[in-house]
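Hi,

I'm passing along the structure we talked about, followed by some notes on what turned up in it. Have a look and then read on.

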Amino acid sequence: MESPCNYSDPKFAIQNNVERYCWTAYHLFVLLSSILGDSLILAASFQSNAFKINKLIVTVIQHIAVSDLAYSIFQIPSRVVSLLANSWQLGKVMCYFSTYASYFPYISGMSLIANLTAIKLLILKYPFRTANCSTTRVHLVCSFIWALGLTFPVIMLAVDRDDVWFDYRIYNCDYMFADEKWKKIMPILFIFYSLAPTIVTISSTIPTLKYLVAARKSAKRVKGSIPRRGAQTVALTATVYIIATLPYFIYKTVEPFSNQDCSGWLNTKFSQITFYMLLINTMSNFYIYSLTIKSFRRFLLSKVRSVTAVFPVTSGDTTTSTGSTQGRQVPEQNSRVNEASV
């Protein structure tokens, strides 16, 4: 089945090589940030002193890290290859795999972020009740979210499993939703999988931000510290998610009214920017945690020290040896002076 706009046509490719290489560098930066950052987040989450925030929040952070890492591995390497080659070079099997495998973690990731903000709001409103909540319950909720996320690619397979081809706007294979059945199904799925998690995220983040403002004012009055306890981390995570996702929602809202203008700015450049902005969510958490969680920064510094201990700086050894040589020379000179005086 052919796409109504046939974005697999090379005329939709990036014609400027400099622009294409810049997008390639951007994708490589996202990939390295996600692999390194999410791996460190997962390693830190299993150590008691690396995340000194509520254990329920840490549990959700683990699931979000897995989601971001999976999406980056399934989606970004094939984009990098396609950007460098300016076409799809990885074959039909990889085309289908990267499409279906990437929808699963991304759909789940949106709901996991909504879960993160909702749990933080519950902790702020009901601190005594949530204190008795175990991480096992949170793992069960997150597992349910993963199961829901899996249903989306299953529905895609059921409607039309072959509705997949290369899209020059994102330089990867994608599902085109071209079957007539999607006109009835997509509005419901969009509300359930995308709109509802976003509404939960926004409605949970606003009270959390109000709490931070009130806490800051109280701290200034009593000249004390701000009782953040992860609120700042959750609020910043949700804010970045909203900023990165909002342009995509805008595009998807107006897209049905512009299908006749396939070569227009909205369906080419703007859609491309919105797709690439979504990648910010997969790499941003590492930088957010490094900025807002002091114990996580200490964990990173300890890892840096471990690496430098394995690979010591040679200049320090040179300086030490030079200093010791000079130290040996000084007694020799003094002995010569004494001999001369005698």
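Does Phe 177 count as buried, exposed or partly exposed, and why? Phe 177 counts as partly exposed because its relative accessibility is 22%. Please keep in mind that this is a predicted model.

Backbone first. Phe 177 sits in the loop that runs between strand 2 and helix 6 (182–222), and its phi is near 55°, a positive value in a residue other than glycine. Tyr 171 also has a phi near 55°, again positive and again in a residue other than glycine. The loop that holds Tyr 171 lies between strand 1 (164–167) and strand 2 (172–175). With a relative accessibility of 0%, Tyr 171 counts as buried.

Now the charged pairs. The model holds 3 salt bridges. In one of them, Lys 269 pairs with Glu 19, with 2.8 Å between the closest N and O atoms. Lys 269 belongs to helix 8 (residues 266–277) and Glu 19 to helix 1 (residues 17–45), so this pair ties together parts that are 250 residues apart in sequence. Lys 269 is partly exposed at 31% relative accessibility, and Glu 19 is partly exposed with a relative accessible area of 26%.

Arg 169 and Asp 167 form a salt bridge through their side chains, at 2.9 Å from N to O. Both Arg 169 and Asp 167 are buried.

Glu 180 and Lys 183 make a salt bridge as well, their closest N and O atoms lying 3.2 Å apart. Here Glu 180 is exposed, with a relative accessible area of 54%, and Lys 183 is exposed at 61% relative accessibility.

Best wishes

Conventions: Residues numbered from 1 in each chain as written. Predicted model: local features only at pLDDT ≥ 70, side-chain atom pairs only at ≥ 80, totals over all residues. Heavy atoms only, no water. Helix = DSSP H or I, 4+ residues; strand = E, 2+ residues; numbered from the N terminus. Buried < 20%, exposed > 50% of the residue type's maximum accessible area, 1.4 Å probe, protein only. Salt bridge = Lys/Arg side-chain N within 4 Å of Asp/Glu carboxyl O.
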